[in-house]
Structure formats: C-alpha cells, structure tokens
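Reader: Hi! I'm new to this one, could you walk me through it?

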Amino acid sequence: MNKSFKRIGMLALISVMMLTAACGGSKGSNGNGNGNQGKETHATASPSPNTEKENEEITLTVQFPKSDNTVEIPVYEDKMKRFGEKYPHVKMVKNDWWYKSDEIGIKMAAHQAPSGFYVPATEGGTLVGHEWAADLTPFLAGYEFADAFNEKLTSQFTVDGKLYAVPKNAYISSIIINKKLFEDKNVPLPSLDWTWDEFYEAAKATADPAKGIAGFAIMAKGNEGGWNWTNFLYQAGGVSQEVQGDKVVSAFNSEAGVKAMEFMKKLRWEGNALPQNWALNYGDVYNLFKQGRAAIVLGESGQIEDAVNNGGMNKDDLLIMPMPSMEKGGAHVGVLGGNYMIVNPQETPEVQQAAFDFITFDMFKDSEIDVLRTVLEDRKAKNQIKAYGSAAYYYKADSDFGKKFEALLDEYPDNVYKLDPKVIEAMVGFPEPAYNGQEFYGAITNVMQEVLRMRKPM
C-alpha cells in the first residue's frame, strides 16, 4: 500500500468518525439523537382497505405546491377536481408542507403532516423505522395494478416483503455525454460495456484546461458531492451502510471505498480531467455542461431536458450512458433515488384509503396519458423536448400502460428524447443510504474535498 492510499484510508476513517454521530445510532433515530421521538404518534398497523364508509364525509389533507409554483398548481387543482367528482364524500384540505428531514419528527409528533406526501429515497429507513409510513399491503391487495410497478424502483421502500411507498419520479444515476466535445477531440464514444479505465481515458482526452473545458465535472461542494461519489463506491462493490441488530453502521470505510476515492484522485491529479474550480454544486455542474464546458457529467433524463429546453443544446448532441463498471463484465451500478409517495399512518383507516386512492389516482390510467399529451403539445409549441426512459418511471416498460405511453411518445419524434432500451437494460440501481442519507453525503463530501485539494505527489 503506497502513502497516498494510506492517506485516503485515514481520511475515510475520519469520515467514519464524523458519521458515528450522524447515523451510527439505532434504526429509529431521525438524526436528532432521539430514537424515540414520534413513537407514540403513529398507528400500530395499516387498516383494511374495505373499511371506507361511502356516505360518511372524511377529510383528506392533500400535499399542495407552494404558492410560487405556478406550473404545478393548476395540475394539482385539476387532479383534486377530478378526484372530488369521483369521491364526493372526501373533503380535501390543502397543505403546502414538503418533506424536510429536520422537520418530519416535529410534524408527526404534532399530527400536522399531510395524509399522503412525497419523500426522498434517502429517508426510507428512517420513515419505516419510526413507523411514519403506512404498510401499503392492504391497499395493494385490492389495487388492480399492484404487480405493474417497475421493480427497479420499489426496492428502496420494500422491507420484509412489504411496500411502504409508491414510486413516482425515481431515477437511476447515469452518465450524460456532450458528443460534440468528443468529436472536437476525435475521441470515440464509449461502448455500452465501458469500464473505469475507459471512463478515465475519455475524461482525460476530452479535457482542455486551456479552454476551460473539463473532461468530467463532478459535484464536490455540498452534499451533492457525496451523492456523486457513492455511485463509484457501489461500482467498486461497496455499500454505504449496514444494519447490525438494531444499529446502523457506516460501511464505506472499506477497500471499495478507498478504490472509489483513489479513482477521484486519479481523475484530478493524473488525468487533469476535472474543472480547475472543482468545488461545484448541483446547479454549477449543469450550468457548466450547458455552456459546453464539460464533456461528461452524472445525471439522468431530467438534465437532458434542462440542457435542451433551457441551455439551447441540440438533443442529437447528447447521449445518456449507463454508469461505467469498475472492471470489464462488472455491473453498471448507479444510485437509485428520487421521490416516492407515502401514506400517513396516523390517519384513520378511511382517510388512509383515500390518501392511497389520491396518490394512485392517475397512475396506469388513460388520464395520465392525457396529461402526457398535454405536456407534449406544450413542448411542441415551444420547440422543446420531453426526455423519456422507463428506468425512471414507476411502471414496467412492457406493461399495457407502458406500451400506451411509448406509442404516444412516438407521435412526437422531434420533441422526445428517448433512452436507448439497451442502456436502460444495462442500468443497475442500488438504493441511496436509507438512514440519515444527507448527513452521510455531507461527511463524504468533506473527504472528497481533502482528496481533491491534495497536491500531486512529486
């Protein structure tokens, strides 16, 4: 083991010490050191889905967009109107609180959370551990599309065979490439089964520091840095956390963790592939990409839309690839994350059923196809695109609904960016850290910054 290898190992150990306070407690901890907070506020079991009393009015607290979200407000208003017509006994009340990890304990203790609400993938362990998410098994038993969910996305909230959240707009991290920068340097596009070595060579070859062009722009300023790095930890065969009894233990201080950090160091100091100012946050990286100053970034279909619709890029110049594998023949692993919807277990059985019905109201139905058509017509009028790839959607690609979705997209070839089915097939999603995920990412970012600040050895 050389000195630089040892030094990175020590930095990882320092990060472990930092995380001991953040996520080394019990599975029930929500990050404030009180693993028992909210334990007396939840229902002990999910209800039977057949208990709703059709003629008795109930109140459903609907999570609603903030007042400045002018795009989403009319979408929610329309959904509430249609839902109310079908379920006239349900009175709907708007609640504009959106999930924050440092507020969820207070909201649940005060019984102020909406009846159903969005949560990030990183919070699965915390929510299930506190019993702040209802077991959806009883509702799924009577739901005709229960077996049609995209199995690549449901694992994050599946515990002991039970599903605790419905995937909505989840994702598997992938690579986005600016093909023009590859062409400018006569660098061949990578193969589908590319490796870390090929990734390194491509990033090194496309970088042009004199022109301010990075071969690879990674996030390394805020918690996003740890999020980006975790992809490489997974590719090296590592994991972020392990559950040992009733404790959650940080597990990244491993050979895989050191390999992933060594790779970051190699890109920075040997390849000179990173931006000269590498301390970039989420927005910084994608702004750099849209300006044509980064050949490779981590992302997913949403960034393709942003690059074209807001950055003026041509969709034909962009390419989404699966993550590289560490070695030839290895898995192309990316972080599985995104947004899910849970049912509040504090509500009565009748309200829980209504919350589940509201969450799934348009899912797998022609009404959602109609919404998509409206979106595509709007994109066509504005000469914009909609990026599409079933790895990021809640349904199975070969389901009847998936086929309808696909058929509609085919009607708008100039306004749709489609992921190559072979790319989708190659993607392997591994869930984000389920306990105190943001604290984990923040601690890792500190280590990344030390590695990227290191002077190149003589």
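**A first look**

Author: Happy to! Isoleucine 58 is buried, since its relative accessible area is 9% (buried means under 20%, exposed over 50%, partly exposed in between, with a 1.4 Å probe and protein chains only). This is a predicted model, where local features need pLDDT of at least 70, side-chain atom pairs count only at pLDDT 80 or more, and totals for chains, interfaces and linings use all residues. Residues are numbered from 1 along each chain as its sequence is written, and side-chain values use heavy atoms, leaving out hydrogens and water.

Reader: Which strand does isoleucine 58 lie in?

Author: Isoleucine 58 belongs to strand E1, residues 58-63 (strands, E, of at least two residues and helices, H or I, of at least four are DSSP runs numbered from the N terminus).

Reader: New topic: in what order do the 4 strands of the open sheet come?

Author: The order is E9-E12-E8-E13, with mixed pairing (two strands pair if DSSP finds at least two bridges between them).

Reader: And which strands stand at the edges?

Author: Strand E9 (214-217) and strand E13 (318-321) do; each has a single partner strand, so one side of each lacks a neighbour in the sheet.

Reader: How many bridges join E9 and E12?

Author: They pair in the parallel sense over 3 bridges. Alanine 214 stands opposite alanine 294 in E12.

Reader: What average pLDDT does the protein have?

Author: The average is 86, and 86% of the residues score at least 70 (pLDDT is the predictor's confidence in each residue, from 0 to 100).
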